[in-house]
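Biologist: I'm new to this structure and would like to learn how to read it. Could you walk me through it, feature by feature?

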Amino acid sequence: MTHADPAALDILDLYRQAGAYHEGHFLLASGRHSPKFLQSTTVLQHPQYTEQIGRALAGALRGAGIDAQLVIGPAMGGVVLAYETARHYGTRAIFAEKDGHGGMKIREAFTLAPGETFVAVEDVLTTGGSVLKAVRAAEAAGARCVGIACIVDRRADGGDLQGYPLVSLTRLVFDTYPPDEVPEWLAALPLQEI
């Protein structure tokens, strides 16, 4: 896994500036509980922050030697991120959307050529589930994933994601707990579903 130059962009500070770093008791999309949460939509609604993040992701991908013909993101959260990263990476951007059966699909308006290479982007990587669904959708359409990029890698183990090279702007490991192992101090706080 490759991290971007941390001196170039302080991601946690950027999230704080945008009011997107929260502390409390959160139920994550993965089903796990956490005392900290990063709300990327709060950051990505600001063009000046999104531009900085997209430029940094494109630079990190180039720095890792990853060359792709397009960038894809899972809808809805990855749409803006894919676009802004692609703008700086010099490619086109598409998105994958929910297919109604627990997976994702590529919209008919987007065409993927057999063997066309792509990078999948995600805001915060906790388990990788959403971005991997987008990868599978593009691969099912004949394209080939050459890497995954994220703003924040929250996974405890780090490294590549299921064999795909991973580039992240930062790695922040917040404690998370399965529902049956939530500590008392965290359970005492009001639960916020996100």
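This is a predicted model: local features need pLDDT of at least 70, side-chain atom pairs count only at pLDDT 80 or more; totals for chains, interfaces and linings use all residues.

Biologist: Which residues have the most contacts inside the largest nonpolar core?

Modeller: In soluble globular proteins, nonpolar side chains tend to be buried together. A nonpolar core here is a set of buried Ala, Val, Leu, Ile, Met, Phe, Trp, Tyr and Cys residues joined through side-chain atoms within 4.5 Å; buried means under 20% relative accessible area, exposed over 50% and partly exposed in between, using a 1.4 Å probe and protein chains only. The largest core has 36 residues, and Tyr15, Leu38, Ile53, Val119, Ile151 and Leu169 have the most contacts inside it. Helix 3 gives the most to this core, with seven residues. Helices (H or I, at least four residues) and strands (E, at least two) are DSSP runs, numbered from the N terminus. A second, separate core of 23 residues includes Leu70, Ala96, Leu125 and Tyr164.

Biologist: Is glutamate 122 buried or exposed?

Modeller: Glutamate 122 has a relative accessible area of 9%, so it counts as buried. Its place is in strand 7, and its contacts beyond four places in sequence include Pro74, Ser130 and Cys150. Aspartate 123 also lies in strand 7 and is buried, at 17% relative accessibility. Aspartate 123 touches Ser40, Leu81, Cys150, Ile151 and Val152, again leaving out residues up to four places away.

Biologist: Which residues does the UniProt annotation "binding site" cover?

Modeller: UniProt positions are given in the numbering used here, feature names are shortened, and annotations may be inferred rather than shown by experiment. The unreviewed entry covers Lys98, His101, Glu122, Asp123, Val124, Leu125, Thr126, Thr127, Gly128, Gly129 and Ser130. These residues are spread over 33 residues of sequence and, in space, up to 23.2 Å between C-alpha atoms.

Methods: Residues are numbered from 1 along each chain as its sequence is written. Side-chain values use heavy atoms; hydrogens and water are left out. Contact means heavy atoms within 4.5 Å.
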